[in-house]
Amino acid sequence: GSKIAIAAPSRAGRADLEHTVARRAGAGRAVCVARDANAADWLCAVIGPSSTRCLRAHVKPWGSVELHQAYLRCAENHVLARYFTA
């Protein structure tokens, strides 16, 4: 997966992560929800001008972020599902 370093003393905060995910995905906006207590695993709805995609973001302890396709997982998440309804 691709990696990028972000300015964070440890794991990324949600706002920093959403900015990073949107920028890397070439989208105008991302909405992310943590999937674990230590903020390492996130689901993100990446909202572009013509479509919305679901990505999983894995934040390493030193601040780098790996993005992976998550396909339908966002539609199953109670917070992100609204971005995937017709």
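Trainee: How many residues does α1 have, and how far does α1 reach from its first C-alpha to its last?

Mentor: Helix α1 has 12 residues and reaches 16 Å between its first and last C-alpha, close to the 16 Å expected at 1.5 Å a residue. The expected span is 1.5 Å times one less than the number of residues in the helix. This is a predicted model: local features need pLDDT of at least 70, side-chain atom pairs count only at pLDDT 80 or more, and totals for chains, interfaces and linings use all residues. Residues are numbered from 1 along each chain as its sequence is written, and side-chain values use heavy atoms, with hydrogens and water left out.

Trainee: Which elements are in the chain, and how many of them?

Mentor: The chain contains 1 helix and 5 strands, in the order β-α-β-β-β-β from the N terminus on. Helices (H or I, at least four residues) and strands (E, at least two) are DSSP runs, numbered from the N terminus.

Trainee: Back to α1, please. Which residues in α1 are buried?

Mentor: Buried residues in α1 are Leu17, Glu18, Thr20, Val21 and Ala22. Buried means under 20% relative accessible area, exposed means over 50%, and partly exposed lies in between, using a 1.4 Å probe and protein chains only. Across the 86 residues of the chain, 43% count as buried.

Trainee: Changing topic: how do β2 and β3 pair?

Mentor: Strands β2 and β3 pair in the antiparallel sense over 6 bridges; two strands pair if DSSP finds at least two bridges between them. They form a hairpin with 6 residues between them, and alanine 39 in the turn has a positive phi of about 60 degrees. Valine 33 has leucine 43 in β3 as its bridge partner.

Trainee: How many disulfides does the count come to?

Mentor: The count comes to 2 disulfides, each being a pair of cysteine sulfur atoms within 2.5 Å. One joins cysteine 32 to cysteine 44, with S to S 2.1 Å. Cysteine 32 lies in strand β2 and cysteine 44 in strand β3, so this pair ties together parts that are 12 residues apart in sequence.

Trainee: Where do the cysteines of the other pair, cysteine 54 and cysteine 74, lie?

Mentor: Cysteine 54 and cysteine 74 form a disulfide with their sulfur atoms 2.0 Å apart. Cysteine 54 is in strand β4 and cysteine 74 in the segment after β5, so the pair ties together parts that are 20 residues apart in sequence. Cysteine 54 is buried at 3% relative accessibility, and cysteine 74 is buried at 0%.

Trainee: Last topic: which residues have the most contacts inside the largest nonpolar core?

Mentor: The largest nonpolar core has 15 residues, and those with the most contacts inside it are Leu17, Val21, Cys32, Trp42, Cys44 and Ala57. At least two residues of this core come from each of α1 (14-25), β2 (29-34), β3 (41-47), β4 (52-59) and β5 (64-69). Apart from it lies another core, of 10 residues, including Val33, Ile47, Cys74 and Tyr83. A nonpolar core is a set of buried Ala, Val, Leu, Ile, Met, Phe, Trp, Tyr and Cys residues joined through side-chain atoms within 4.5 Å.
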